[in-house]
Amino acid sequence: MEEFTYLLFLTVLGITFLAAAAYFVYFISQDKRIRRIARMVMVTSGILQTLYILLRYFLAGHTPITSQHEAVFFFAWATTWAYLSFRWRYTVKNFGTFVSVLIFALVLISSFSEKNIDPLLPALQSAWLPVHGGVSLIAYGFLSLAFCGGLMYLLLERELKSKKFGYFFPRFPSLDALDQLNNHCLTTGFVFLTIGIVTGSIWARQAWGTYWQWDPKETWSLITWFVYLVQIHQRFTVGWRGKRAAVMAVVGFAAVIFTLWGVTYLLGGVHSYAG
């Protein structure tokens, strides 16, 4: 079974690479047939990622988000389905190119961590594990989409300001469309992030007798939440849109990445898993 699990992971890695490569070819050629192929490969990757998570769930007996490998892979899975659900409702030109590269990078990074399935620590043996951990990583998925949209906005805005309409102008949607994308993904991600923090506090009360103990992961989750809160507040009160919103989406995602990896490897704490 372990060999089959590893083979499935390698298949996911390969298919996700093919999706990113197909989107890149589409980005260059703008051939719609290649875009359809890229989308089908991305859907296939999402299905295989789901199968891999389910397989580890049945092997471990709990939601597979308790190691570095599992958390990063779940992050990739959440980003994949966040994108596919977004793509089902909206069309944003060449958005898939940026998102697919990010997803492949996450799956690739997860491959460098230990893939062993270890017994669950007593403190993690709770029904709150999939609720708190899963919802938090789903939030990261939507916030990563906002990051990609913010990055596209900044690239296009720079090209427009320089008045050199070269590579991005004919391939990107309008600045207004990218701003709306940013707002949609950021708002959805913020709601999930809030639920993740609240459920984590309830779990902490049950496990340790206190709702909050200023563990580094808790502290940085709160900092990340405030970064996005400021962005949403400023958007709806003083009209922070466009470049400011795009910059904040990038800054917020940097806080997400530090919460996920920086805290684990630099600060430690009870939430850390560096395996």
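Helix α4 is largely enclosed by the rest of the structure, because 12 of its 16 residues are buried. This description rests on a predicted model. The helix covers residues 95-110 and reaches 23 Å from its first C-alpha to its last, close to the 22 Å expected at 1.5 Å a residue. Its buried residues are F95, G96, T97, F98, V99, S100, L102, I103, F104, L106, V107 and S110. These residues pack against α1 (2-29), α2 (32-60), α3 (68-89), α5 (128-162), α6 and α8 (242-267).

Helix α3 is one of the partners of the buried residues of α4. It is likewise described as largely enclosed by the rest of the structure, since 17 of its 22 residues are buried. From its first C-alpha to its last, α3 reaches 32 Å, close to the 32 Å expected at 1.5 Å a residue.

| Helix | Number of residues | Reach, first to last C-alpha | Expected reach |
|---|---|---|---|
| α4 | 16 residues | 23 Å | 22 Å |
| α3 | 22 residues | 32 Å | 32 Å |

Residue A76 lies in helix α3. At 0% relative accessibility, A76 counts as buried. When neighbours within four places in sequence are left aside, A76 is in contact with Q49, I103, L106 and V107. A76 and R87 are 11 residues apart in sequence, and their C-alpha atoms are 16 Å apart in space.

The loop between α3 and α4 contains N94. The phi of N94 is near 65 degrees, a positive value in a residue other than glycine. Most residues other than glycine have a negative phi. N94 is buried, with a relative accessible area of 5%. A positive phi, of about 55 degrees, is also found in W214, which is not a glycine. W214 is placed in the loop between α6 and α7. In contrast to the buried N94, W214 is exposed, with a relative accessible area of 57%.

Helix α6 (residues 175-208) and helix α7 (residues 216-237) meet at an angle of about 140 degrees, and their axes are 10 Å apart. Their crossing is left-handed. On the α6 side, the contact includes D179, Q180, N182, N183, L186, F190, L193, T194, I197 and A204. On the α7 side, it includes E218, S221, T224, W225, Y228, L229, Q231, I232, R235 and F236. The residues of this contact divide into 10 nonpolar, seven polar and three charged.

The last topic is the cysteines. A disulfide is a covalent bond between the sulfur atoms of two cysteines. A search of the whole structure finds zero disulfides. For C148, the closest cysteine sulfur is that of C185, and the distance of 9.1 Å is too far for a bond. C185 is accordingly in no disulfide, with the sulfur of C148 as its nearest cysteine sulfur. C148 counts as buried at 2% relative accessibility, and C185 is buried with a relative accessible area of 0%.

Technical notes
Residues are numbered from 1 along each chain as its sequence is written. This is a predicted model: local features need pLDDT of at least 70, side-chain atom pairs count only at pLDDT 80 or more; totals for chains, interfaces and linings use all residues. Side-chain values use heavy atoms; hydrogens and water are left out. Axes are lines fitted to C-alpha atoms, for helices over the stretch in contact, and angles run from 0 to 180 degrees between N-to-C directions. Helices (H or I, at least four residues) and strands (E, at least two) are DSSP runs, numbered from the N terminus. A crossing is left-handed if the near helix is turned anticlockwise from the far one by less than a right angle, and right-handed if clockwise. Contact means heavy atoms within 4.5 Å. Ala, Val, Leu, Ile, Met, Phe, Trp, Tyr, Cys and Pro count as nonpolar, Asp, Glu, Lys and Arg as charged, and the others, Gly among them, as polar. A disulfide is a pair of cysteine sulfur atoms within 2.5 Å. Buried means under 20% relative accessible area, exposed over 50%, partly exposed in between (1.4 Å probe, protein chains only). The expected span of a helix is 1.5 Å times one less than its number of residues.
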